[in-house]
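Please examine the sequence and the three-dimensional view before reading on.

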Amino acid sequence: NRPLDVCWDAVNGLVIAVAQNDTGGGGCFAPHNPVTTQVISKVNPIDALQMVRAVATKDGVAYLGGDNIYATGPRSTVVAWDPVANQELWRLDPGQTQGIAAMAIHGKYLYGMSRKAAGLFVIDLDTRQVVHRGDLNRVCTDFGALQVNRGIVYGVSDTTVFRIDPITFAVSVVAADINGGWYSGPHITADEDGFLYTLRGPNLVRIDDQ
């Protein structure tokens with residue numbers, strides 16, 4: 001009942017939305033075809049306790065990021081999902097102590113950030129292996145969002161806009177004093193000219209990170 005993330009699958013022509021079951025645990029994966037208006041959903045594609053908090057796509061495959069608000073069970077599973085056949089392809093536990101807050105894909109790498117403990121993980125989608133784990137505590141306290149722009153993965157938290165180096169995965173600050181987090185976290189996006197947009201309180205902020 002609580003929509004959490006949405007992305008566009010250009011290969012399959014699908015709007016992919018994911019959601020949380022607020023009271024019972026678990027969540028839903030729901031690809032929508034805007035041409036046929038068909039929606040084919042899958043309840044609890046990760047497991048009965050993990051909601052699908054984040055989704056990203058590459059080459060027609062959807063990657064689902066789990067978050068478990070309960071004290072037991074897996075907390076941050078990543079599942080590769082075929083949105084056309086509506087079935088799981090493979091899954092991986094990136095070893096986070098908290099659920100996934102956001103994900104983004106650049107090149108062959110899937111970038112993910114976790115909640116609260118604020119960890120960064122990077123998965124090589126070719127080898128299906130975690131190739132990097134890092135600490136985001138200095139730039140992120142809980143919820144966050146990721147956005148690919150100008151060949152860089154950017155992140156935003158309730159305090160900071162930051163960038164992740166595509167080679168070393170090192171994290172550096174782009175803008176501090178960001179406070180756009182309201183309900184289930186802050187947001188960031190980019191336009192066709194490479195400008196980033198987020199919020200500082202109720203005010204829209206445009207960032208040109210050259």
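A residue is called buried under 20% relative accessible area, exposed over 50%, and partly exposed in between, with a 1.4 Å probe and protein chains only. Arg91, with a relative accessible area of 37%, is therefore partly exposed. The model is predicted: local features need pLDDT of at least 70, side-chain atom pairs count only at pLDDT 80 or more, and totals for chains, interfaces and linings use all residues. Residues are numbered from 1 along each chain as its sequence is written, and side-chain values use heavy atoms, with hydrogens and water left out.

**Salt bridges**

Side chains of opposite charge can pair when their charged atoms come close. A salt bridge is counted where a side-chain nitrogen of Lys or Arg lies within 4 Å of a carboxyl oxygen of Asp or Glu. The structure holds nine such bridges; the table lists some of them.

| Pair | Closest N to O |
|---|---|
| Arg2 and Asp22 | 2.9 Å |
| Glu88 and Arg91 | 2.9 Å |

Arg2 forms a salt bridge with Asp22. This pair links distant parts of the chain, for Arg2 belongs to strand S1 and Asp22 to the loop between strand S2 (14–20) and strand S3 (27–32), 20 residues apart. Strands (E, at least two residues) are DSSP runs numbered from the N terminus. Asp22 counts as partly exposed because its relative accessibility is 27%. Glu88, the partner of Arg91, is also partly exposed, at 35%.

Arg163 is partly exposed at 24% relative accessibility, whereas Asp209 is buried at 16%. Salt bridges that share partners also join Arg53, Asp67, Arg115 and Asp142 into one network.

**The surroundings of Asp209**

Strand S19 spans 203–207, and Asp209 lies in the segment after it. Which residues does Asp209 touch, not counting those up to four places away in sequence? They are Arg150, Tyr154, Arg163 and Val174, where contact means heavy atoms within 4.5 Å. With the side chain of Tyr154, the Asp209 side chain makes a polar contact of 2.5 Å. A polar contact is a pair of N or O atoms within 3.5 Å; within protein, one must be able to donate a hydrogen and the other to accept it, and residues adjacent in sequence count only if both atoms are side-chain atoms.

**Two residues with positive phi**

Asn44 has a positive phi of about 55° although it is not a glycine. Its place is the loop between strand S4 (42–43) and S5, and it is partly exposed, with a relative accessible area of 28%. Lys116 likewise has a positive phi of about 55° without being a glycine. Lys116 sits in the loop between strand S10 (109–114) and strand S11 (119–124) and counts as partly exposed at 46% relative accessibility.

Terms used. Helices (H or I, at least four residues) and strands (E, at least two) are DSSP runs, numbered from the N terminus.
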